[in-house]
Amino acid sequence: MEVVIVPDAAAGGELIAGAIAGLLARKPEALLGVATGSTPLPVYRALAARVASGEVDASRARICQLDEYVGLPAGHPESYHAVLLRQVLEPLGIDESSFMGPDGSAEDVAAACRAYDAALAAAGGVDLQLLGIGTDGHIGFNEPCSSLASRTRIKTLTEQTRLDNARFFGDDIEQVPHHVITQGIGTILDARHLVLLATGEGKAEAVAQTVEGPLAAVVPASALQLHPHATVVVDEAAASKLKHADYFRHTYAEKPSWQGI
């Protein structure tokens, strides 16, 4: 995988927004996989600024979810469907009809998971999937020890992940659902380009294990080592435990400018 070390979160957002802009210029109807949480917000802000300036036209793009809570009532403001409408579709001028996601309120959750995997395939597959990483190395909601071949399915959240997400629920962990639908690691690996953004010292150990550690289900993000086009963008704090940071800086500095990420 390629590792790109940037000065800060804003620089990472600009870099990834540029990659998405280039993709949309080549393929206006591209299917973009998006993630929730605070980490990808600089990407969405940078891309929205390019749309607002007229530099990028995202109106024909399609958007798909990485994951969704199970059991939240319809219209709940912290459902990932609602969050992505606010943070991605509306700022980029993308109609809700171009949005794909799993049904977290379905009576038959297992069937909803299978249907979402099938819908992604029928749509031609994800062109670029944006990922964050948990402090325990999870991607999507594929917690440690998830199968590296897993498909979209229901997962039970760890207490640590529920604690991490409580900030979106008024710091009340009791309001955080216990279950989610998530694209499996095998589903994620089907995307043509994976871009993982990590910022802050709290993610440094997970980044080091993902990039330089062994391929292991206990660090789900290490599955990116299997992908032919995976890019890991990290700020200086998140890169602080990388043993080969100088090598990564050198290779990116010498990379042909036309190649992009």
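This is a predicted model: local features need pLDDT of at least 70, side-chain atom pairs count only at pLDDT 80 or more; totals for chains, interfaces and linings use all residues.
Colleague: Is His138 buried or exposed?
Modeller: A residue counts as buried under 20% relative accessible area. His138 has a relative accessible area of 10%, so His138 is buried.

Colleague: Which side chain does the side chain of His138 join in a polar contact?
Modeller: Leaving out residues up to four places away in sequence, His138 touches Gly132, Ile133, Glu143, Thr161 and Pro220. The polar contact between side chains has a length of 2.7 Å. The partner of His138 in that contact is Asp136.

Colleague: Which residues of S6 are buried on each side?
Modeller: Both faces of S6 are covered. One side has Leu128 and Leu130, and the other has Gln129 and Leu131.

Colleague: Why is the pair of Tyr69 and Phe169 edge-to-face?
Modeller: The structure holds five aromatic pairs. In the pair of Tyr69 and Phe169, the ring centres are 5.6 Å apart. Planes over 60 degrees apart count as edge-to-face. The pair is edge-to-face because its planes stand at 80 degrees.

Colleague: How many residues apart are Tyr69 and Phe169?
Modeller: Tyr69 is in strand S4 (residues 67-69), while Phe169 is in the loop between helix H5 (159-165) and strand S8 (179-182). The pair thus links distant parts of the chain, and the two residues are 100 residues apart.

Colleague: Which residues form one aromatic cluster with Tyr69 and Phe169?
Modeller: Tyr69 is buried at 2% relative accessibility, and Phe169 is buried at 9%. The cluster they belong to also holds Tyr80 and Phe141.

Colleague: Which element gives the most to the lining of the largest pocket?
Modeller: The largest pocket has a volume of about 450 Å³. Of the 24 residues that line the pocket, the closest to its centre are Thr36, Gly37, Ile133, His138 and Asn165. With three residues in the lining, the element that gives the most is H5.

Key. Residues are numbered from 1 along each chain as its sequence is written. Side-chain values use heavy atoms; hydrogens and water are left out. Buried means under 20% relative accessible area, exposed over 50%, partly exposed in between (1.4 Å probe, protein chains only). A polar contact is a pair of N or O atoms within 3.5 Å; within protein, one must be able to donate a hydrogen and the other to accept it, and residues adjacent in sequence count only if both atoms are side-chain atoms. Contact means heavy atoms within 4.5 Å. Helices (H or I, at least four residues) and strands (E, at least two) are DSSP runs, numbered from the N terminus. Rings of Phe, Tyr and Trp (its six-membered ring) pair if their centres lie within 6.5 Å; planes under 30 degrees apart count as stacked, over 60 as edge-to-face and the rest as tilted. On a 1 Å grid over the protein atoms alone, a cavity is a set of points where a 1.4 Å probe fits but cannot get out, and a pocket is an open set with protein on both sides within 12 Å along at least five of seven lines; lining residues have an atom within 4 Å of a point. Grid points are joined across faces, edges and corners, and a volume is the space filled by probe spheres set on the points.
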